[in-house]
Amino acid sequence: MNKAVTDLTRLGDALEQAAARNLDKQPRPRRRSKRLVAILAIPAVVVVTGASFAAAKLISGEDVAASIPAGTLWLAGTEPTCTVVKQNVEYHCVLAHAPSNAISDWMGTVEPTVDANKRVNGGCRSLASDGREWQCYIGEEAVRQKIVSEGFLGEYAPTPSVG
């Protein structure tokens, strides 16, 4: 917020000086109190913060649930349900149906997730041997969790992977 207040103060000063020059007047020296600057900056900060929040797409539990079978064919038909642990970062998912029996013990298995644009957007790690409970991570957190590599994140994935 300090940077925003400073930027707004500079912008205000520049506008004031430009207007004064436009009217062939010299700007009179003016000393602003920190309190006045902060009060004037609040509406701008609210607008800027609201705009950046609206620009960032919130990823719902339903979005993550849809991305699980889109990431790997072994999880097709499992009907995941996901709840937010940390918005846009971490989700806890439970599968209504056990995954393919291609793996006898799913514990610790990692699989990528693929968003509606067919891009790898993260990945999940199985928390249970039967493969019905997963912890999923979106974006860079999936890389930090060593589920997908930095180079794989964002890659085009037109169909679910096999294996």
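Is strand β5 (residues 133–138) largely enclosed by the rest of the structure or exposed, and why? Here are some friendly notes on that strand and on one serine.

1. A word on the model. This is a predicted model, in which local features need pLDDT of at least 70 and side-chain atom pairs count only at pLDDT 80 or more, while totals for chains, interfaces and linings use all residues. Residues are numbered from 1 along each chain as its sequence is written, and side-chain values use heavy atoms, with hydrogens and water left out.

2. Burial of β5. Strand β5 is largely enclosed by the rest of the structure because five of its six residues are buried (under 20% relative accessible area, 1.4 Å probe, protein chains only). Strands here are DSSP runs of E with at least two residues, and helices are runs of H or I with at least four, numbered from the N terminus.

3. Partners of β5. Strand β2 (residues 90–95) pairs with β5 in the antiparallel sense over five bridges, and Cys93 sits opposite Trp134. Strand β4 (residues 120–126) also pairs with β5, antiparallel and over five bridges; there Gly122 faces Ile138. Pairing requires at least two DSSP bridges between the strands.

4. The hairpin. Six residues lie between β4 and β5, and Gly131 in this hairpin has a positive phi near 75°.

5. Ser67. This residue of helix α3 (residues 61–71) counts as buried, because its relative accessibility is 1%. Its side chain reaches the backbone oxygen of Val64 at 2.7 Å. Leaving aside residues up to four places away in sequence, Ser67 touches Pro112, Thr113, Val114, Asp115 and Asn121 (heavy atoms within 4.5 Å).

Methods
Buried < 20%, exposed > 50% of the residue type's maximum accessible area, 1.4 Å probe, protein only. Polar contact = N/O pair within 3.5 Å; in protein donor to acceptor, adjacent residues only side chain to side chain.
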